[in-house]
Amino acid sequence: NNTIGSFMCSCGPGFSTNVNDPALCDDINECATNTSKCQQICNNTIGSFTCSCGSGFRTNVTNPALCDDINECATNISKCQQICTNTIGSFMCSCDPGFRTNMNNPALCDDINECATNISKCQQICTNT
């Protein structure tokens with residue numbers, strides 16, 4: 001800014017006047033000052049910031065500072081073989097009665113052989129179905 005017989009420096013949005021040299025401008029870290037209002041992840045940029053979301057979330061289309069849960073069950077990201085339950089930011093796979101979660105791949109279900117485990121209580125012949 002030009003003033004009569006002098007001048008004055010100012011900084012644009014996202015910057016503040018340097019305390020040691022008022023002719024210089026310093027970036028304001030909106031993430032550190034918590035002025036960003038990012039719900040999850042704040043990324044400082046020169047003169048500004050961007051918001052992003054963690055795994056299991058996506059940026060809200062109307063307010064990019066907010067994050068929406070991704071329903072992994074509805075989008076089939078989960079790859080659950082039988083039952084998928086959406087949770088906030090994630091999902092859980094489970095199995096129908098008569099099956100148990102596979103030890104090596106929790107998205108898969110293994111048949112429980114009720115005859116071999118003696119759950120059936122059959123007196124004579126047990127046939128696992």
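A disulfide is a pair of cysteine sulfur atoms within 2.5 Å. In general terms, a disulfide is a covalent bond between the sulfur atoms of two cysteines. The model shown here is predicted, so local features need pLDDT of at least 70 and side-chain atom pairs count only at pLDDT 80 or more, while totals for chains, interfaces and linings use all residues. Residues are numbered from 1 along each chain as its sequence is written, and side-chain values use heavy atoms, with hydrogens and water left out.

**View 1. Cys-53 and Cys-67 form a disulfide.**
Look for the two sulfur atoms, 2.1 Å apart. The torsion about their S-S bond is about -95°, so this disulfide is left-handed. Distant parts of the chain are linked here: Cys-53 is in the loop between β6 and β7 (57-59), and Cys-67 is in strand β8 (residues 67-69), 14 residues apart. Strands (E, at least two residues) and helices (H or I, at least four) are DSSP runs, numbered from the N terminus. Both Cys-53 and Cys-67 are buried; buried means under 20% relative accessible area, exposed over 50%, and partly exposed in between, with a 1.4 Å probe and protein chains only.

**View 2. Gln-40 touches both Cys-53 and Cys-67.**
Gln-40 sits in the loop between β4 (25-27) and β5 (41-45). Its relative accessibility is 33%, so Gln-40 counts as partly exposed. Leaving aside residues up to four places away in sequence, Gln-40 also touches Ser-52, Gly-54 and Phe-57, where contact means heavy atoms within 4.5 Å. A polar atom of the Gln-40 side chain lies 2.7 Å from the backbone nitrogen of Gly-54. Ser-52 is 12 residues from Gln-40 in sequence, and their C-alpha atoms are 6.7 Å apart.

**View 3. β5 and β6 form a hairpin.**
How many bridges pair β5 with strand β6? There are 5, in the antiparallel sense, and β6 covers residues 48-52. Two strands pair if DSSP finds at least two bridges between them. You can pick out Asn-43, whose bridge partner in β6 is Thr-50. The hairpin has 2 residues between its strands, and Gly-47 in the turn has a positive phi of about 85°.

**View 4. A disulfide joins Cys-11 to Cys-25.**
The structure holds 7 disulfides, and in this one the S to S distance is 2.1 Å. With -95° about the S-S bond, the link is left-handed. Cys-11 lies in the loop between β2 (6-7) and β3 (15-17) and Cys-25 in strand β4, so the pair ties together parts that are 14 residues apart in sequence. Cys-11 is partly exposed at 23% relative accessibility, and Cys-25 is partly exposed at 36%.

**View 5. Cys-73 is joined to Cys-84 by a disulfide.**
Here the S to S distance is 1.9 Å. The link is left-handed, with -75° about the S-S bond. Because Cys-73 lies in the loop between β8 and β9 (83-87) and Cys-84 in strand β9, the pair ties together parts that are 11 residues apart in sequence. Relative accessibility is 22% for Cys-73, which counts as partly exposed, and 25% for Cys-84, which also counts as partly exposed.

**View 6. Asn-102 is found in the loop between β11 (99-101) and β12 (109-111).**
Is Asn-102 buried or exposed? With a relative accessible area of 15%, Asn-102 is buried. Its side chain reaches the backbone nitrogen of Asn-105 at 2.8 Å. Not counting residues up to four places away in sequence, Asn-102 touches Leu-108, Cys-109 and Asp-110.

Methods
A polar contact is a pair of N or O atoms within 3.5 Å; within protein, one must be able to donate a hydrogen and the other to accept it, and residues adjacent in sequence count only if both atoms are side-chain atoms.
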